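Have the model open beside you as you read.

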Amino acid sequence: MAEPIQPPPPDLATASLADIAQAVADKRLPPVEKWNPERCGDSDMRIARDGTWFYQGSPIGRAAMVRLFSTVLRREGDGGYVLVTPVEKLDILVEDAPFVAVELKSEGEGPARRLAFRLNTDEVVVAGADHPLRFSEGAAPENTDGPRPYLHVRGEIGKGLEALIARPLYYELAEMALNDGDEPLSVWSDGARFPLVPAA
C-alpha cells in the first residue's frame with residue numbers, strides 16, 4: 001500500500017508565522033502516549049548529539065525514514081527513550097536531545113515577537129508557553145561554548161521531547177535579547193518571555 005502523501009513543511013523563508021502556526025496545528029502525530037505494548041527490546045538505534053540517527057552503528061541516510069521514526073519516539077518516565085507502536089516498544093539511545101533546531105524565523109519585536117524553529121526532521125515548532133525555551137549549563141566536558149539552549153517539542157513539559165537549538169540560532173537569540181535590552185537578557189515568543197540564563 002502506498003504511503004499517504006504528506007503536505008510539504010512550510011518554507012520558513014517565505015511563509016508567515018500565521019501560515020506556519022496553521023501548518024503545525026494541522027499536523028497529526030500518532031498517539032504514542034496511549035500505546036503501552038507488552039513486547040519490549042532494543043532498536044539498535046541511537047541519536048547522536050548532532051541529531052544524526054544511527055542503526056547498528058551506521059548513519060541512517062534516508063531523511064524520510066528518520067522523519068517516520070521520529071513520529072513514534074516517546075520519552076519514558078525514567079528519562080529513557082523508546083520507539084513505540086501499538087504492538088512493540090523498543091529502546092533507543094539519545095545522547096543529548098532527540099531533535100536539533102536548525103532554522104529560525106522571527107516576526108515582530110519584544111513582547112510581540114513570535115519565533116518559529118525548523119527541526120532537523122522538518123517539523124516546525126513555534127516557541128511559546130506550550131513550547132518553552134530553556135537554557136542549561138550542560139555537563140563537562142561537553143559544555144565548552146556556553147549555555148545549551150533547548151526547545152520543548154512535544155509531550156509533557158519538562159519530561160517530553162526536546163530539540164537542542166543549534167549554536168548559530170542561539171547567537172541569533174542572544175542578539176535579539178541584546179537589542180531588546182531586557183534584564184536579565186530574554187527573548188519573547190508568542191506572549192511568553194524566556195531568560196537566556198540557565199535556571200537556578
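**Entry 1: the open sheet.** I began with the six strands that form an open sheet, in the order β9-β8-β7-β12-β11-β10, with mixed pairing. At the edges I found β9 and β10 (133-136), each pairing on one side only. From one strand to the next, I noted a twist that averages 40°. A reminder to myself before going on: this is a predicted model.

Entry 2: I then looked at how β7 (residues 99-107) meets β12 (residues 161-165), and the two pair in the parallel sense over three bridges. Which residue of β12 is the bridge partner of F99? I found A163 there.

**Entry 3: the helix on the sheet.** Next I followed α3 (residues 167-180), which packs on the sheet. Its contacts reach β7, β8 (114-119), β10, β11 and β12. I also noted the angle: the direction of α3 makes about 30° with that of β7.

Entry 4: In the loop between α3 and β13 (186-189) I came to P184. A cis peptide bond joins E183 and P184, with omega about -5°.

**Entry 5: β1 and its partners.** I moved on to β1 (residues 40-47), which runs parallel to β6 (residues 89-94), with five bridges joining the two. Here I picked out D42, whose bridge partner in β6 is D91. With β2 (residues 53-55), β1 pairs in the antiparallel sense over three bridges, and I saw M45 standing opposite Y55 of β2. I wrote down one general point beside this: strands of a sheet pair through backbone hydrogen bonds, either parallel or antiparallel.

**Entry 6: positive phi values.** How many residues lie between the strands in the hairpin of β1 and β2? I found five, and in this hairpin G51 takes a positive phi near 90°. I then checked two residues other than glycine. Q56, in the loop between β2 and β3 (58-59), has a positive phi near 50°. Is Q56 buried or exposed? It counts as exposed, because its relative accessibility of 55% is over the 50% cut-off. D122 sits in the loop between β8 and β9 and has a positive phi of about 75°, although it is not a glycine. At 29% relative accessibility, D122 counts as partly exposed.

**Entry 7: the second largest pocket.** I turned to the second largest pocket, which holds about 450 Å³ of space. Its lining has 23 residues, and L29, E33, V153, R154 and G155 lie nearest the centre. Which strand gives the largest share of this lining? I found that β4 does, with three residues. At least two lining residues each come from β4 (73-75), β9 (124-126) and β11 (148-154). By type, I noted nine nonpolar, five polar and nine charged residues in the lining.

**Entry 8: the whole protein.** Last, I stepped back to the overall numbers. The secondary structure comes to three helices and 14 strands. Of the 200 residues in the protein, 41% are buried. I also looked up the contacts with a separation of 6 or more, and residues 24 or more positions apart account for 53% of them.

Technical notes:
Residues numbered from 1 in each chain as written. Predicted model: local features only at pLDDT ≥ 70, side-chain atom pairs only at ≥ 80, totals over all residues. Heavy atoms only, no water. Pairing = 2+ DSSP bridges. Helix = DSSP H or I, 4+ residues; strand = E, 2+ residues; numbered from the N terminus. 1 Å grid on protein atoms, 1.4 Å probe; cavity = no way out; pocket = protein on both sides within 12 Å on 5 of 7 lines; lining within 4 Å. Points joined across faces, edges and corners; volume = space filled by probe spheres on them. Nonpolar A, V, L, I, M, F, W, Y, C, P; charged D, E, K, R; others polar. Axes fitted to C-alpha atoms, helices over the stretch in contact; angles between N-to-C directions. Contact = heavy atoms within 4.5 Å. Buried < 20%, exposed > 50% of the residue type's maximum accessible area, 1.4 Å probe, protein only.
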